[in-house]
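I set out to record what I looked up in this structure, entry by entry. Each entry gives the terms it relies on.

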Amino acid sequence: MPIKIPHAKKKVEKKSTSGKKIPFQSPKGMHDRLPADFIYFDKIEKAIKKVSLFYGFDKIETPLLEDIKLFERGTGLTTEVVQKQMFTVKTKGDGVLALRPEMTPGVVRAYVENGLLYVSNPGKFFYYSPVFRYEQPQHGRFRQFYQVGFEVINSDDAAYDAQVIIASLRIFEEIKLKGVTVKLNTIGCKNCRTPYVKKLKEYYKNKIATMCRDCAKRYTENPLRLLDCKQEKCQSFKADAPQTLDFICAACKAHFKLVLEFLDGAQVPYLIDATLVRGLDYYSRTVFEFFAEGVDFAIGGGGRYDYLSETLGGPKMPAIGSACGVERIMEAMKLQQVHITPKQVYKAFLIYMGDQAKKQGMLLLDEFYKAGIPVKESFAKDSLKSQLRLADKEKVDYALILGQREVFEEVILLRDMKNGTQETIPLKKIVVELKKRI
RNA sequence: GUGGCUAUAGUUUAGUGGUAAAACUCCAGUUUGUGGCACUGGUGUCGAGGGUUCAAUUCCCUCUAGCCACCCCA
């Protein structure tokens with residue numbers, strides 16, 4: 001076997017700029033949203049704005065950082081989200097802030113702190129905001145992600161349980177997501193949950209030995225979650241476990257029944273899932289989750305949080321909310337190949353030849369700005385061919401061609417990109433003429 | 001936080017212990033001021049760092065990131 005001996009490596013100076021890379025990456029689980037993604041991102045935002053307008057929700061935005069205690073007390077110390085998933089920031093004093101892992105406690109805080117109780121009661125809000133969770137990222141699971149959601153604060157009316165669900169479904173409808181289903185359950189109030197949990201523990205008591213390890217832990221820490229276990233060996237226990245519906249108090253039962261009636265009235269199809277419990281401590285009564293066809297994770301969820309305000313030291317204010325993961329919705333849209341025709345923003349493209357024309361062209365863009373007509377340009381490319389190629393790619397209807405000759409004669413060529421015809425128009429009249437045509 | 005798989009151009013993917021390939025995209029050109037089609041050419045420190053070796057993109061280690069399972073959730 002012949003061995004080729006190579007000559008010494010010669011460092012070749014590369015002139016290109018494209019080979020160099022910045023030795024930084026976006027942080028784990030945090031991603032750039034590039035221009036192309038905004039057709040989805042903006043579509044969802046547009047949908048929540050429209051739905052909110054018609055269902056009477058006002059936009060709210062709270063700080064990215066909050067006192068860590070807000071989440072410890074609100075979201076709950078026993079939750080995974082608070083125990084392990086918060087990004088924390090030390091202030092220069094001795095305070096500790098947390099990047100919000102969810103929106104609800106902040107919104108409730110803002111509602112009380114700003115006296116909105118006297119402005120809108122119940123308070124109905126929507127948000128479209130980033131939240132942060134320190135997790136092991138995976139498909140559909142990120143450390144920074146957007147949530148879109150509704151909150152109705154200071155009402156225990158079942159109509160709002162239904163409305164929050166309906167409004168969320170309307171968003172999915174607006175963005176043409178198919179096969180969205182709602183799973184629904186009630187987990188009772190503070191009066192009836194304790195006896196129920198007792199019952200549940202009684203049922204599971206002699207089964208601990210045969211349950212999975214996590215369930216053994218759940219048994220003492222968060223018994224409700226026993227119902228949520230996905231382990232094979234625990235499934236058989238779940239079937240015969242006492243169901244919340246059979247043990248909740250009359251008031252909770254009546255409330256849940258009302259919610260269902262409102263949903264029935266609105267012809268919303270739903271699925272009652274007795275094993276549905278949620279991961280945050282503050283939930284009570286109605287809880288729900290949204291699923292979309294072809295996506296294996298929940299795209300959203302929510303429920304009542306009748307005691308959250310009290311827990312935070314505020315007034316008694318029953319409330320309900322929902323939150324959906326924007327990236328997960330986007331993923332579902334892509335999977336379902338939801339077709340979005342991007343709006344044609346640019347109807348015309350400015351093409352120049354020569355420095356004089358370039359200067360003249362810049363002034364012309366100002367004219368179009370004043371006239372409210374967006375015109376695309378490419379001042380970095382001097383050749384006519386390149387500029388026309390770009391104009392073609394932009395799919396504009398017209399190219400405005402300004403060469404030396406035209407500058408001299410104070411005219412401009414208006415080229416119809418569809419049929420290739422072009423006419424000469426006095427420079428002074430081009431704004432008016434273009435406006436006429438688009 | 002635990003276990004596993006992966007990492008080659010902007011993208012999707014070949015390939016190799018002897019300085020890398022295709023398709024699409026992008027950029028430029030195919031003569032003089034006109035896009036789409038076609039043709040020609042260009043753009044890569046093979047994720048980062050270290051080790052073994054005469055030689056590493058290839059083998060080994062560490063790190064980072066992505067993905068999968070668990071956990072949890074949006």
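The entries below go from the whole chain to single residues.

**Conventions.** I worked on a predicted model, in which local features need pLDDT of at least 70 and side-chain atom pairs count only at pLDDT 80 or more, while totals for chains, interfaces and linings use all residues. Residues are numbered from 1 along each chain as its sequence is written, and chains are lettered from A and ligands numbered from 1 in the order in which they are written.

**Whole chain.** I noted 16 helices and 16 strands in chain A; these are DSSP runs numbered from the N terminus, helices being H or I of at least four residues and strands E of at least two. The C-alpha atoms of chain A fill a box of roughly 90 × 75 × 50 Å along the principal axes. I looked up the radius of gyration, which is 29 Å for chain A, whereas a compact globule of 438 residues would have one near 22 Å. That radius is taken over C-alpha atoms, and the globule rule is 2.2 Å times the number of residues to the power 0.38.

Of the 438 residues in chain A, 35% are buried. A residue is buried if 20 or more other C-beta atoms lie within 10 Å of its own, exposed if 12 or fewer, and partly exposed in between, with C-beta atoms placed from the backbone. Two residues are in contact if their C-beta atoms, so placed, lie within 7 Å. Among the contacts in chain A with a separation of 6 or more, 69% join residues 24 or more positions apart.

**Nonpolar cores.** I took a nonpolar core to be a set of buried Ala, Val, Leu, Ile, Met, Phe, Trp, Tyr and Cys residues joined through C-beta atoms within 7 Å. The largest has 77 residues, and Ile48, Ala319 and Ile329 have the most contacts inside it. Helix H5 (residues 158-174) supplies the largest share of this core, 9 residues. Another core, of 19 residues, lies apart from it and includes Ile401, Val407, Ile430 and Leu434. Leaving out residues up to four places away in sequence, I found that Ile48 touches Phe126, Tyr128, Val148 and Ile171.

**Helices H2 and H4.** I checked how H2 (residues 68-76) and H4 (residues 104-113) meet: their axes come within 9 Å and cross at roughly 105°. H2 and H4 are therefore roughly perpendicular to each other, a term for angles of 65 to 115 degrees. Leu70, Phe71, Gly74 and Thr75 in H2 meet Pro105, Gly106 and Arg109 in H4.

**Backbone exceptions.** The peptide bond from Asn121 to Pro122 is cis, with omega near 0°, and Pro122 sits in the loop between H4 and strand S5 (123-132). Lys176, not a glycine, has a positive phi of about 65° and belongs to the loop between H5 and strand S7 (181-186). Arg285 also is not a glycine and has a positive phi, near 50°; its place is in strand S9 (residues 284-291). Arg285 is buried, with 27 other C-beta atoms within 10 Å.

**Val259.** I located Val259 in helix H10 (residues 250-265); it is buried, with 25 other C-beta atoms within 10 Å. Val259 touches Ala158, Asp161, Ala162 and Thr286, not counting residues up to four places away in sequence. Val259 and Gln163 are 96 residues apart in sequence and 9.2 Å apart in space, C-alpha to C-alpha.

Definitions and conventions: Axes fitted to C-alpha atoms, helices over the stretch in contact; angles between N-to-C directions. Parallel < 35°, antiparallel > 145°, perpendicular 65-115°, else oblique.
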